[in-house]
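Here is a briefing on one protein chain. Look through the sequence and the structure first, then read the points by topic.

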Amino acid sequence: MPSTARVSIQTEDFDLGAEIAALRAQDARVGAVCSFVGTVRDHHPDVAGQVTALELEHYPGMTERAIEAMVDEAFARFPLYGARVVHRVGPLAPTDQIVLVAVTSAHRGASFQACEFLMDYLKTQAPFWKKEQTPEGGRWVDARVSDDAALARWGIAARNA
């Protein structure tokens, strides 16, 4: 059952259709819904070899507050009606869903922009620690320069830059 909260950090999978239905919740103002679902890949562009698993860690409470602040910023920048971010933690396998970002607005432009803004923000600023497992062993994953550049186009400098 989807939550009515704007942000959820959870180990269990999410149902995209149910999450979108809950976000829309018969809001007749909504003319656009934009969503992004990220999945675990079986490779990493900077690592030779196959990724066999991914584990995400976070600090409960701190992570939710940080993502809530990102959602607040999206509402300040774009004319949104609703937003939902679900991020999974714990052990995940290739093809597992890892993140959902969904927003509603009157028009598609604002929805597309807000969804992309939130994903760019999440990739560099959300307090998650990712460890990839490969046949050669485990490796902690850092944000990529391209992720920092994506965030910078919104006028936000990455904290780790």
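The points below go from the overall fold to helices, ring pairs, salt bridges, loops and surface.

The model is predicted. The chain carries four helices and eight strands. Buried residues make up 42% of its 161 residues.

**Fold and surface totals**

- Along the sequence, the elements follow the pattern β-α-β-β-α-β-β-β-α-β-β-α.
- Of the contacts with a separation of 6 or more, 75% are between residues 24 or more positions apart.
- The accessible surface of the chain comes to about 8,600 Å². Carbon and sulfur atoms account for 52% of that area.

**Helix H3**

- Helix H3 covers residues 108–125, which is 18 residues.
- At 1.5 Å a residue, H3 should span 26 Å. Its end C-alpha atoms are 25 Å apart, which agrees with that value.
- The buried residues of H3 include Ala-110, Ala-114, Phe-117, Leu-118, Tyr-121 and Leu-122.

**Aromatic pairs**

- A search of the whole structure finds three aromatic pairs.
- In one of them, the ring centres of Phe-117 and Tyr-121 are 5.4 Å apart and the planes stand at 80°, so the pair is edge-to-face. The cut-off for that class is over 60 degrees.
- Phe-117 and Tyr-121 are four residues apart in helix H3, so about one helical turn separates them.
- In an α-helix there are 3.6 residues a turn, so residues three or four places apart point the same way.
- Phe-117 is buried at a relative accessible area of 0%. Tyr-121 is buried as well, at 16%.
- Ring pairs link Phe-78, Phe-117 and Tyr-121 into a cluster.

**Salt bridges**

- The count comes to six salt bridges.
- Asp-72 and Arg-6 meet through their side chains in a salt bridge, at 2.5 Å from N to O. Asp-72 lies in helix H2 and Arg-6 in the segment before strand S1 (7–10), so the pair ties together parts 66 residues apart in sequence.
- Asp-72 is partly exposed at 43% relative accessibility. Arg-6 is partly exposed at 24%.
- Arg-88 and Asp-13 form a salt bridge at 3.6 Å, N to O. This pair links distant parts of the chain, 75 residues apart: Arg-88 is in strand S4 (residues 80–88), and Asp-13 is in the loop between S1 and H1.
- Buried or partly exposed: which is Arg-88? Arg-88 is buried, with a relative accessible area of 8%.
- Glu-73 and Arg-77 form a salt bridge at 2.7 Å, N to O. They are four residues apart in helix H2, so about one helical turn lies between them.
- Glu-73 is partly exposed at 28%. Arg-77 is partly exposed at 34%.
- Salt bridges with shared partners join Arg-6, Glu-68 and Asp-72 into one network.

**Loop between H1 and S2**

- Val-30 sits in the loop between helix H1 (16–24) and strand S2 (32–39). Its relative accessible area is 18%, so Val-30 is buried; the cut-off is under 20%.
- Leaving out residues up to four places away in sequence, Val-30 touches Tyr-81, Thr-104 and Ser-105.
- The C-alpha atoms of Val-30 and Tyr-81 are separated by 7.2 Å, although the two residues are 51 apart along the chain.
- Ala-25 is found in the loop between H1 and S2. Ala-25 has a positive phi of about 40° although it is not a glycine.
- Ala-25 is exposed, with a relative accessible area of 51%.

**Loop between S5 and S6**

- Thr-95 lies in the loop between strand S5 (90–92) and strand S6 (97–105).
- Phi of Thr-95 is near 85°, a positive value in a residue other than glycine.
- Thr-95 is exposed, with a relative accessible area of 68%.

**Nonpolar surface patch**

- Tyr-59, Met-62, Trp-129 and Trp-140 make a nonpolar surface patch of about 450 Å².
- Met-62 belongs to helix H2 (residues 62–77). Met-62 is partly exposed, with a relative accessible area of 35%.

How values were computed. Residues numbered from 1 in each chain as written. Predicted model: local features only at pLDDT ≥ 70, side-chain atom pairs only at ≥ 80, totals over all residues. Heavy atoms only, no water. Patch = residues over 30% accessible without salt bridge, like charges linked within 9 Å, V, L, I, M, F, W, Y side chains within 5 Å. Areas by Shrake-Rupley, 256 points an atom, 1.4 Å probe, with all protein chains shown as cover. Salt bridge = Lys/Arg side-chain N within 4 Å of Asp/Glu carboxyl O. Helix = DSSP H or I, 4+ residues; strand = E, 2+ residues; numbered from the N terminus. Buried < 20%, exposed > 50% of the residue type's maximum accessible area, 1.4 Å probe, protein only. Expected span 1.5 Å × (residues − 1). Contact = heavy atoms within 4.5 Å. Phe/Tyr/Trp six-rings, centres within 6.5 Å; stacked < 30°, edge-to-face > 60°.
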